[in-house]
Every structure is written in structure tokens, then in C-alpha cells.
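Student: Please take me through this model one question at a time. I should like each term to be given with its cut-offs.

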Amino acid sequence: MFETDKNDNPTDGSLNVIQANLRPCIQCGTCTASCPNAEQMDLTPRKMWRLVILGRLTDIMASKTFILCSDCYTCTLRCPRGLPLTESMEALKGIAFARQETQFRNSRLFYEKFMQTVRRYGRVREMEFMTRYFTAMKNPLTPFRFAPLGIKLLGKRKVTIGFGKSSATPLDALFDKVAAMEQAQAGTTGKEKTP
Amino acid sequence: MKYLYYPGCSLTATAREYDLSTRAVMAAAGVSLTEIDDWTCCGASAAAPLSHLLSLSLSARNLALAEQAGSGSQILVPCSACYLNLKKANDALQNDAERRATINEALKAVDLSANGNVRVRHLLDVLSMDLGKKRLSPFITRSFKGLTVAPYYGCQCLRPYVEFDDPERPVSMEPLVEITGAEILSWEMGTRCCGASLVSTQPETGLERVCTILKAAKGADLIVTVCPMCQINLDGWQSKVSQMTGEDLSITVLYLPQFLGLAMGIDDKSLGLDLNLAILDGFKEKIIQ
């Protein structure tokens, strides 16, 4: 069903960790039956785990399955082998973002812009975060999808345009320290680092 | 009863009414809340895929601040996503020595350290287990007899940490609704995912989730929620989903403390009812005076 690809790198560090976690998978499909988003996925969660165990990184990255995980933890709760399935989907998102896979650009930007506002202010400023996201997407039509909700929120003064005046706690020091620690770790184990 | 309070980012913006009503109901019930000074974002669902250590460290920073209030303190968290992140970090600090050392190494950058000696509690946990029917009943001054409520629990206050309710067939909201005289809608969607951030990043899938829940809630007068993400997906997008399906799926959506606060006779301004995005006119006339 899946072609082998010479670009598959079986020694990819990040995938190795997920692979080791998922080895006890018995392919029962409880995860698929439990997943509220399975119908919209091109590969069911069960098939995704099989690909991970086989180390088929190219096939994994071509699928949208892990990006459609909404962190509901139903599969994790029900897995008869007690495997960390939701966290594995999360880790696959991380690999896709680190590889800058173009098909996940929008999701990656959403997460990155979110974390940039956290880094700068310590807390999320929703309007600023969405503005940064729209700007980074460079798609002039995207804001219109959110416009009706945005106008409602503005009307309720739940979000404000521009930069708030409330105090902020920048978290650059913590972000930099974590990045340095991860870089050092990547240097010693050959793990793929996250941006 | 005393708790430390972690509102989280949403409760300062799109979910301000959740913050207002939580504080109002707790104050009326004689519970003291002390907001954690200088709290910061828990990392939401965005930090973990980018960096697992960053996600743990962001939450641990808040736990470290809470620990300064004394070992054994309890943190009340109304947002389910914040609750799960703080709980994961607390779990790592308590049960994984290697992780604890790594997290504390990171926290040195902000001159803090954490041991995991506080307890992280979801608002629903505190309302149902610590207060419960017995302690809340005396404060109920109005009857909502004739109203039908669809209790919507969502995901992350129930799973993966099973703390105060059945993670698939939860009932913790039922006694709290029943003390108001209202009836419970019997439905299967109380723990079905609202789509979370997929509504923004993958709208075709996300809005499908919202649609399924709103359709199942037909027959109820209102949906009651305990998470800002669930709330905005169900109230903020219901006109869009109605448009998509050509079916009127509009329904009143309130946060649980707003609903309880109304039954306790707390004025609507203190409960932030002017901030909700979906309160139907009929409901307003009948319930909000």
C-alpha cells in the first residue's frame, strides 16, 4: 500500500522516540473508532501508528491525520495498551513544523505566532496574535473568515485593537534557556531539534 | 475554603464573563480566591508541539509562583486547557525526578524553582466535590423549573487525568443543575470534542464538530460549559454553522458559574451576561430580569 522512499530516514531521532512508545500497538483500531475527527482524516489513527512503527516518515508527512488531532484524549483513555496516543500526534505535529513541511504552513504559523505573543508579553493578547497570524499567512482572504466573530468580540470589548497598556512579563529569558538546553541535548543525542 | 486562582489568558479577554462569574459565585458561596501574582500563559496547545520542555516550563513557572504561597496550596483553574497543562507539569515535578531537574534548570532563567507540592483543581471539580449540592443549595434563591439544560463537559477537564468524574459518562454537573430545578437533557454529546483550535486552523473539520454538538442539543433551552474554548466554539460559530447547514442551530450557551449565579440571584452585570455571544431573546426575557 505504501511505497518505500529512499528519503525515509530510519535514524530520525524524533520519530524514534514515538516509535519506541508505540511498539506495543496491537492494531486493534480502538483509537480510530474513538476519534471524533477520523472521518476527515486521509489515514485513520490506527494506520498512522503502523506507519510510525515502520518508520515511513515520508508517508507520515504526506498525511494530514496528525494535524487533525484536536487533543480530546479519547483514544488515549481507551487504548487497551495504555499508549500515549494524543501525545504522539502532538509529537508528529512537532516533527512536521520542525521540517517546515509546506502543507502545514498555516497550522505552524498559528502556533508560532501564538508563542511569539506569549514570549513577548507573558500572556496571550488575542487580537495581536490573530493580527500577526493573518499577516504571516499573507492570504488577504483569511481575515474575512474571522471577521463576523471579530466584530462581535470587538463590540463586546472582549478584544481590543492595537497594543494594550496592561503590564507585561516578557519571557525571553525562559524561552532562550529552554532553546539552549534543547540545543545542547540535540548535540549529545543527535535528536532533531525544535525551533 | 481558600484557593489560589489561575485565570489564564482567555479569562482576561474572550472569556471575561467566565472570570467574572467564577469570582462572583465563589464570593457568594463564601470561598476565598487569591489570584496568583504575575501569572503567565500555560502554553495552551501551541507550546507542546513546538517544544515539550517549553510547555512544561511555562506551566511550571506558575506552579513555582503558587508554591510560594505554601506547600499543599490548591490552585483553582476554570479553563480546561490551562488545567491540563498545569496538571501535566505538576505531575512531572511530582513523579519524575529527571524531568523535575530539567524543568528547574530551565526555571533558573527566571529565578524560580518548583517541587510539585501544590494541587491543581478544575473549577468543576471544586464546584461539584468541595461545594456540591449540599453547600450550594442554601444560596439558591430562584427556580428554573421548566428549563432543560444540556451539560457540556468537553475533554480536558475529564481526560487524560481522571480526577473527579467518569471520563466518558460524566455526571458531576447534574446535581449542580438540579438544585436550580432545571432538568438535564439526556444526550450523548457532553464529552464529544468541540473541535478546539481546529475551528481556526482546519475549519472544515472544526465546524463539523460544532455542528454535531449543536444539532444534538436541540430540545434543550441552553448549553452549559466549563471551558473557554468550548464556549467560543459553541457560541461564537453557531451563526456560521447555521448558515452552512441551512438549519437554525442557535441556542443559549452559558458558563456553569453564570447559570449557578443566576439561580443564586446574583445580578447579571456581575455575571458578565452582557458579554455572552449567544443568549437568545426568549431566554433573556424568561430568565435574566
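Student: With which residues is Ser59(B) in contact, leaving aside its neighbours within four places in sequence?

Tutor: Contact means heavy atoms within 4.5 Å. Once the neighbours within four places in sequence are left aside, the partners of Ser59(B) are Cys42(B), Asn85(B), Leu86(B) and Ala89(B).

Student: What pLDDT do local features need in this model?

Tutor: Residues are numbered from 1 along each chain as its sequence is written, chains are lettered from A and ligands numbered from 1 in the order in which they are written, and side-chain values use heavy atoms, with hydrogens and water left out. This is a predicted model in which totals for chains, interfaces and linings use all residues, side-chain atom pairs count only at pLDDT 80 or more, and local features need pLDDT of at least 70.

Student: Why does Ser59(B) count as buried?

Tutor: Ser59(B) has its place in helix α3 of chain B. Helices (H or I, at least four residues) and strands (E, at least two) are DSSP runs, numbered from the N terminus. Buried means under 20% relative accessible area, exposed over 50%, and partly exposed in between (1.4 Å probe, protein chains only). Ser59(B) counts as buried because its relative accessibility is 0%.

Student: Which residues does Ala89(B) touch, not counting those up to four places away in sequence?

Tutor: Ala89(B) is found in helix α4 (residues 80-95) of chain B, and it counts as buried at 0% relative accessibility. Residues up to four places away in sequence are not counted, and Ala89(B) then touches Leu56(B), Ser59(B), Ala60(B) and Leu63(B).

Student: What is the relative accessible area of Lys88(B)?

Tutor: Lys88(B) has its place in helix α4 of chain B. Leaving aside neighbours within four places in sequence, Lys88(B) is in contact with Tyr73(A), Glu87(A) and Glu90(A), and also with Leu56(B) and Tyr161(B). Lys88(B) is buried, and its relative accessible area is 14%.

Student: What percentage of the residues of chain A count as buried?

Tutor: The secondary structure of chain A comes to 10 helices and 0 strands. Among its contacts between residues at least 6 apart in sequence, 63% join residues at least 24 apart. Of the 195 residues of chain A, the share that counts as buried is 50%.

Student: What is the strand order of the open sheet in chain B?

Tutor: Two strands pair if DSSP finds at least two bridges between them. Strand β5 (residues 148-151) of chain B pairs with β6(B) in the parallel sense over 2 bridges, and with β7(B), also parallel, over 3 bridges. Between β7(B) and β8(B), which run parallel, there are 4 bridges. The open sheet of 4 strands, with parallel pairing, has the order β6-β5-β7-β8.

Student: Which residue stands opposite Thr225(B) in β8(B)?

Tutor: In a regular strand the side chains alternate between the two faces of the sheet. Leu222(B) and Val224(B) point one way from β7(B), while Ile223(B) and Thr225(B) point the other way, and all are buried. Ile223(B) has Ala150(B) opposite it. In β8(B), the residue opposite Thr225(B) is Tyr255(B).

Student: Which elements do the buried residues of α9(B) pack against?

Tutor: The 14 residues of helix α9 (residues 203-216) of chain B should span 20 Å at 1.5 Å a residue, and the end C-alpha atoms are 20 Å apart, which agrees. The expected span is 1.5 Å times one less than the number of residues. The buried residues of α9(B) include Leu207(B), Val210(B) and Leu214(B). The buried residues of this helix pack against α9 (142-155) of chain A together with, in chain B, α8 (198-201), β7, α10 (228-236) and α11 (238-245).
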